[in-house]
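Please look over the sequence and the structure below before reading on. The briefing that follows takes up single positions, then the helices around them, and then the chain as a whole.

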Amino acid sequence: MSEAKSLLEAVDLLADRFRSMPQSRLLGAVPGYPSRAAAGLALARRLAGAALTAAGERPRELPEAGPFAVGDQLAVAAHELAAVADGEALDEALVAVRAVAELVG
């Protein structure tokens, strides 16, 4: 359960950072992505896909809801993943969350 707690703590901090970013920062490019919001959405999609896979469902693409929704999409996807996954999937998710947190500054 500590993996889930670590993931949720990290993603909740990152989600709050996205929620508090001004539009100019959300839309600013970062290495590998056209914007910080795009990096966050890619992470949310990865987490959501992992949650669906862990639940035995076929992954579907998380829709784009705009740059101001990215923080909420991240939080929901991570909480879903933490509820259904364990061990390796949570560790991989935590690594991905930390990488995006570093990338978006």
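In this predicted model, alanine 78 is in contact with Leu7, Leu8, Val11 and Leu47 once its neighbours within four places in sequence are left aside. Alanine 78 belongs to helix 4, and with a relative accessibility of 0% it counts as buried, the cut-off being under 20%. The C-alpha atoms of alanine 78 and leucine 90 are separated by 9.2 Å, the two residues lying 12 residues apart along the chain.

**The nonpolar core**

- The largest nonpolar core has 31 residues, and those that touch the most other members are Leu14, Phe18, Leu43, Leu47, Leu74, Leu81 and Val97.
- Two or more residues of this core come from each of helix 1 (2–20), helix 3 (36–54), helix 4 (70–84) and helix 5 (87–104), and helix 5 gives the largest share, with 8 residues.
- In soluble globular proteins, nonpolar side chains tend to be buried together.
- Leucine 14 is in contact with Leu43, Leu74, Val97, Val100, Ala101 and Val104, again leaving aside its neighbours within four places in sequence.

**Helix 1**

- Helix 1 has 19 residues, which should span 27 Å at 1.5 Å a residue, and the distance of 27 Å between its end C-alpha atoms agrees with that expectation.
- The buried residues of helix 1 are Ala4, Leu7, Ala10, Val11, Leu14, Ala15 and Phe18, and because they cover an arc of only 140 degrees around the axis, they lie on the same side of helix 1.
- An α-helix has 3.6 residues a turn, so residues three or four places apart point the same way.
- The other side of helix 1 carries the exposed residues Ser2, Lys5, Leu13 and Ser20, whereas the cover over its buried residues includes helix 2 (23–26), helix 3, helix 4 and helix 5.
- Although serine 6 and leucine 90 are 84 residues apart along the chain, their C-alpha atoms are separated by 8.9 Å.

**Helix 5**

- The 18 residues of helix 5 reach 26 Å from the first C-alpha to the last, which is close to the 26 Å expected at 1.5 Å a residue.
- Leu90, Ala93, Leu94, Ala96, Val97, Val100, Ala101 and Val104 are the buried residues of helix 5; seen down the axis, these buried residues fall within an arc of 165 degrees, and therefore line one face of the helix.
- Glu88, Val95, Arg98 and Glu102 are exposed on the face of helix 5 turned away from its buried side, while the buried residues of helix 5 pack against helix 1, helix 2, helix 3 and helix 4.

**The loop between helix 2 and helix 3**

- Serine 35 is found in the loop that runs between helix 2 and helix 3, and because its relative accessibility is 10%, under the cut-off of 20%, it counts as buried.
- Not counting residues up to four places away in sequence, serine 35 touches Leu26, Leu27, Gly28, Ala29 and Val30.

**The chain as a whole**

- The secondary structure of the chain amounts to 5 helices and 0 strands, and its pattern along the sequence reads α-α-α-α-α.
- A compact globule of 105 residues would have a radius of gyration near 13 Å, and the value of 13 Å for the chain agrees with this.
- Taken along the principal axes, the box filled by the C-alpha atoms of the chain is roughly 35 × 25 × 20 Å.
- Of the 105 residues of the chain, 41% count as buried, and the accessible surface comes to about 5700 Å², of which 55% belongs to carbon and sulfur atoms.
- Among the contacts between residues at least 6 apart in sequence, 68% join residues at least 24 apart.

Note on methods:
Residues numbered from 1 in each chain as written. Predicted model: local features only at pLDDT ≥ 70, side-chain atom pairs only at ≥ 80, totals over all residues. Heavy atoms only, no water. Core = buried A, V, L, I, M, F, W, Y, C linked by side-chain atoms within 4.5 Å. Buried < 20%, exposed > 50% of the residue type's maximum accessible area, 1.4 Å probe, protein only. Helix = DSSP H or I, 4+ residues; strand = E, 2+ residues; numbered from the N terminus. Contact = heavy atoms within 4.5 Å. Expected span 1.5 Å × (residues − 1). Arc of directions from axis to C-beta. Rg over C-alpha atoms; globule rule 2.2 N^0.38 Å. Areas by Shrake-Rupley, 256 points an atom, 1.4 Å probe, with all protein chains shown as cover.
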